[in-house]
Amino acid sequence: MTQDEMKQAVAAAARDYVRENLSAGGILGVGTGSTANFFIDALADIKHRLGGAVASSEATKKRLEGHGIRVLDLNDVDGMGIYVDGADEIDHGLSMVKGGGGALTREKIVAAVATTFVCICDASKRVPVMGRFPLPVEVIPMARAYVARELIALGGKPRLRENFVTDNGNVILDVHGLSITAPAELEARINQLVGVVTNGLFARRGADVLLLATPDGVQTFLR
Ligand code: 5RP
């Protein structure tokens, strides 16, 4: 089974999860990335059941609209039953590193509103300790050098993501060399740095459900 086939399998499983668990006319949050894109394509089958979708990026908005799925502004919804998104790494407590696609801040905002966060990824993303994938940190441009120095003081090796600007007009520092043994503490510590918009650790609001694609089929894990 190729990696894309695994992503397609987990995307179909997430569509089935939404069909079974989101009430008719409910609001769905939709993440960003290649796995989320397969999910959006699968979602077209059940679009008539949705009250609308909230997108975590401009790219996701465009793809949802391409399938004729109604996209709502987050400020116009009172709540959201389910949020579905991929991850760059996920540990056994369902904390995640996200932001490989640079959409971490909007993803974190949409996830905060959702009752249930469903993470979809393939087995290569599940790790005992996160940090091998560089941790993305979205930073206001004028604070870039200051925040980079502070991240070095925390033991990381930040690198500016070249030729990349987020949907919010900011830059990303990708922090290498971390061994993330206390994800919730590190998430809070980095978010306290002045100039940081948010970082890609999703530990304080981790996933509630993990649908994990393996060569033997899709496995389900609960927080
Ligand atoms: C984007 C993200 C994605 O969820 C993450 O990068 C995983 O992407 P993919 O499904 O392409 O591996 O956080 O900001």
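The model discussed here is predicted.

Q: How far is an oxygen atom of the ligand from an N or O atom in the side chain of T35?
A: Polar contacts are pairs of N or O atoms within 3.5 Å. Between the T35 side chain and a ligand oxygen atom, the distance is 2.5 Å.

Q: Which residue has a polar backbone atom 3.4 Å from an oxygen atom of the ligand?
A: For E107, a polar side-chain atom lies 3.1 Å from a ligand oxygen atom. The 3.4 Å distance instead involves a polar backbone atom, and that atom belongs to G102.

Q: Are α1 and α2 parallel or oblique to each other?
A: Helix α1 covers residues 3–21, and its axis comes within 8 Å of that of α2. The two axes cross at roughly 50°, and the crossing is right-handed. Angles under 35 degrees count as roughly parallel and 65 to 115 as roughly perpendicular, so α1 and α2 are oblique.

Q: How many nonpolar residues are in the contact of α1 with α2?
A: On the α1 side the contact includes V10, A11, A14 and V18, and on the α2 side F38, F39 and L43. S34 and T35 of α2 also meet α1. By class, the contact has 3 charged, 3 polar and 9 nonpolar residues.

Q: What is the orientation of α2 relative to α3?
A: The axes of α2 (residues 34–43) and α3 (residues 58–66) come within 9 Å and cross at roughly 20°. Angles under 35 degrees count as roughly parallel, so α2 is to α3 roughly parallel.

Q: Which residues in α3 meet α2?
A: α2 passes α3 in a right-handed crossing. From α2, the contact involves N37, I40, D41 and L43. Their partners in α3 are T60, R63 and L64.

Definitions and conventions:
Residues numbered from 1 in each chain as written. Predicted model: local features only at pLDDT ≥ 70, side-chain atom pairs only at ≥ 80, totals over all residues. Heavy atoms only, no water. Axes fitted to C-alpha atoms, helices over the stretch in contact; angles between N-to-C directions. Helix = DSSP H or I, 4+ residues; strand = E, 2+ residues; numbered from the N terminus. Parallel < 35°, antiparallel > 145°, perpendicular 65-115°, else oblique. Left-handed = near helix turned anticlockwise from the far one by under 90°. Contact = heavy atoms within 4.5 Å. Polar contact = N/O pair within 3.5 Å; in protein donor to acceptor, adjacent residues only side chain to side chain. Nonpolar A, V, L, I, M, F, W, Y, C, P; charged D, E, K, R; others polar.
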